[in-house]
Amino acid sequence: MLYREAGDFKTTYREDNQTFPIRFDRIAYYTTVAAAFAVVPFFINDYWANAVFVPFLIYAIAALGLNILTGYAGQVSLGTGGFMAVGAYACYKLMTAFPEMSMVLNVLLAGLVTAGVGVLFGLPSLRIKGFYLAVATLAAQFFLVWLFNKVPWFYNNSASGQITAPERTFLGQFVTGAQTSASAKYLFCLAFVFVLALVARNLTRGTTGRKWMAIRDMDIAAEIIGVNPLTTKLSAFAVSSFYIGVAGALFFSVYLGAAEVGESFGIQKSFLILFMVIIGGLGSIFGSFAGAAFLVLLPVLLKNVLVGTLGWPTDLAAHIELMIVGALIIIFLIVEPHGLAQLWRLTKEKLRLWPFPH
Amino acid sequence: MPDQLVYAMEVTLNGLMAGVMYSLVALGFVLIFKASGIFNYAQGVLALFAALTLVGLQQGQVPFAHLINAVFGTDLHHFGWHLPAVVAIALTAGVMVLMAIAVEKLVLKHLVNQAPIILFMATIGLAYFLEGFGDVMWGADIKKLDVGLPQGISETIESVTADWFGYGFFIDNLDIVATVVAVALVTALTVFSQYSKQGRALRAVADDHQAALSVGISLRFIWVLVWSIAGFVALVAGIMWGTKSGVQFSLSLIALKALPVLMLGGFTSIPGAIVGGLIIGVGEKLFEFSIGPMIGGATENWFAYMLALLFLVFRPQGLFGERIIERV
């Protein structure tokens with residue numbers, strides 16, 4: 001009854017091509033955005049910001065980035081953690097070298113630096129693919145983590161080897177450092193998510209995205225019909241790394257405040273983001289959000305249930321969580337290889353026919 | 001003989017020994033990849049799980065003690081017996097076979113005809129699951145594994161080399177044992193796959209699933225068989241690595257080290273796994289020895305990957321791998 005395109009007449013090409021062709025979708029989208037910007041900031045407190053909202057938003061950016069590379073362009077990457085580290089360290093160097101510079105600019109520049117590094121490590125993708133490429137990106141992961149550990153210039157020779165975000169403001173509000181309010185953190189990340197998701201959505205709908213998908217579906221065939229593999233693969237690496245770099249910069253400066261590279265950006269992080277993309281749905285913008293939300297909420301939920309309610313020890317809960325995540329990955333791959341996004345799509349198809357299916 | 005050269009020789013020898021250890025893990029990968037086209041990321045965790053089970057059985061730990069205690073408020077930990085090493089190894093091998101059957105029934109059966117990359121991700125999921133499962137079953141603390149393998153510096157080699165070069169080489173006894181075991185394992189596997197009926201069936205499946213099916217080979221049996229063998233190889237690798245550095249989570253990370261080994265040697269070649277392992281082992285030790293001190297050390301973390309990465313750019317199929325031919 002609600003979810004119908006009947007009566008929703010498109011009279012221009014522009015309307016026909018809009019992102020959400022169905023009115024109900026559009027309304028839902030605008031409502032969500034409005035609520036996210038205008039309602040949540042008034043109710044958010046430190047616990048919710050630190051445990052749920054801020055990590056969700058940041059992981060969503062990272063998942064978007066990886067989804068562009070793996071889901072849309074078909075290049076599997078296990079180097080996400082390393083690229084996030086590039087973003088974080090670039091942001092740190094910028095923050096400390098130019099104290100006057102705007103935080104937004106810092107984060108964007110950190111993204112650009114990561115894009116450059118991503119292209120560099122994406123070069124082998126022109127020769128190798130599949131697992132081989134996945135392993136090549138592992139090289140990036142381990143090399144970058146080692147580099148940030150061993151070269152003191154990156155962490156400004158600090159004795160602990162950690163990087164700590166200095167206090168920076170944006171529009172008169174603290175966005176990094178100890179004095180930051182929950183709503184400032186949240187809004188700062190949300191703004192990035194909003195713009196980046198919009199860009200990602202439109203990139204993947206346009207020529208660029210179609211080229212990526214052509215390369216993903218069959219690179220040789222794509223090359224024959226005139227898609228240049230060099231620019232296509234490298235642009236996927238560049239855009240994806242930009243997103244991941246921005247996520248890394250925010251993760252360090254806004255969320256963590258202080259980071260040690262092996263711990264915050266290790267191989268586990270790469271897998272976490274990959275899982276978000278798989279569970280959420282390969283090749284779907286909505287899926288990146290769904291996957292990020294799922295894997296951010298699951299540990300919080302399990303912790304509350306197992307430790308809070310049942311009173312089990314935390315380490316046991318952590319092991320059970322590993323089992324559940326692993327099992328979920330397998331179940332998703334078996335039952336629904338396209339992830340939560342596909343489930344959502346199927347639900348919508350059902351809704352359109354409800355209550356009178358053929 | 002100049003000192004540097006002697007040191008370099010010692011480093012090379014140690015690298016060869018370390019390479020054998022990598023090869024042991026890589027071998028498990030190659031077996032599964034050849035027979036089912038699955039790149040089994042969980043191989044390292046299989047080794048960890050096997051080692052955990054072995055220690056648990058040997059020391060008579062109560063499985064799931066932690067979980068049972070948490071749920072029922074009891075205080076179980078040990079049955080109070082100590083199994084001899086041989087019995088424990090045999091039992092663990094049995095557990096690995098059960099695991100192979102479970103993996104086939106619960107995971108692989110449902111993923112037939114999926115893209116290789118989906119299967120790869122499924123094994124990542126499997127790795128996570130097993131990691132959690134092993135910890136819940138046997139506890140996550142670092143355990144000491146001792147099945148009676150010789151350990152410590154080999155004095156024979158030290159005194160012999162001291163006579164020859166005037167400098168005694170330090171070589172771990174365990175590494176020598178590992179080398180012997182690896183050679184025996186490879187020989188046994190080669191004989192098995194070349195001369196036994198099941199081995200031939202296995203190679204047929206590796207060549208072409210459908211053709212193998214059409215001449216009456218049971219795919220599912222072969223898969224269980226292959227995963228059992230891989231489980232057994234994992235057990236051997238787990239024993240070696242567990243004795244060397246204790247049974248702990250980092251054991252599962254050796255699987256990642258096996259990846260560059262495979263890329264060098266080629267995913268489909270058993271000799272490739274061995275040669276690749278040796279090259280990586282020697283390469284990373286020599287690099288750390290010669291260049292490492294100049295750039296801050298701990299280069300072992302990434303050298304293998306970088307070597308494999310550079311190598312792949314020139315020869316994508318690896319040293320011994322089958323040529324990759326693509327058709328549209």
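Biologist: How many residues does the contact take from chain B and from chain A?

Modeller: The contact takes 41 residues from chain B and 37 from chain A, where two residues are in contact if their C-beta atoms, placed from the backbone, lie within 7 Å. This is a predicted model, in which local features need pLDDT of at least 70, side-chain atom pairs count only at pLDDT 80 or more, and totals for chains, interfaces and linings use all residues. Residues are numbered from 1 along each chain as its sequence is written, and chains are lettered from A and ligands numbered from 1 in the order in which they are written.

Biologist: Where does the largest share come from?

Modeller: From α5(B), with 16 residues. By class, the side of chain B that touches chain A has 32 nonpolar, six polar and three charged residues. Ala, Val, Leu, Ile, Met, Phe, Trp, Tyr, Cys and Pro count as nonpolar, Asp, Glu, Lys and Arg as charged, and the others, Gly among them, as polar.

Biologist: How do α14 of chain A and α5(B) pack?

Modeller: Helix α14(A), residues 314-335, packs on α5(B) at about 155 degrees, with the axes 7 Å apart. Axes are lines fitted to C-alpha atoms, for helices over the stretch in contact, and angles run from 0 to 180 degrees between N-to-C directions. The angle makes α14(A) roughly antiparallel to α5(B), because angles over 145 degrees count as that, under 35 as roughly parallel, 65 to 115 as roughly perpendicular and the rest as oblique.

Biologist: Left-handed or right-handed crossing?

Modeller: Left-handed, meaning that the near helix is turned anticlockwise from the far one by less than a right angle; clockwise is right-handed. The residues of the contact of α14(A) with α5(B) divide into 18 nonpolar, four polar and two charged.

Biologist: Other topic. At what angle do α11(B) and α12 of chain B pack?

Modeller: About 115 degrees, with the axes 8 Å apart; α12(B) is residues 270-290. That crossing is right-handed. The contact of α11(B) with α12(B) has eight nonpolar, four polar and no charged residues.

Notes:
Helix = DSSP H or I, 4+ residues; strand = E, 2+ residues; numbered from the N terminus.
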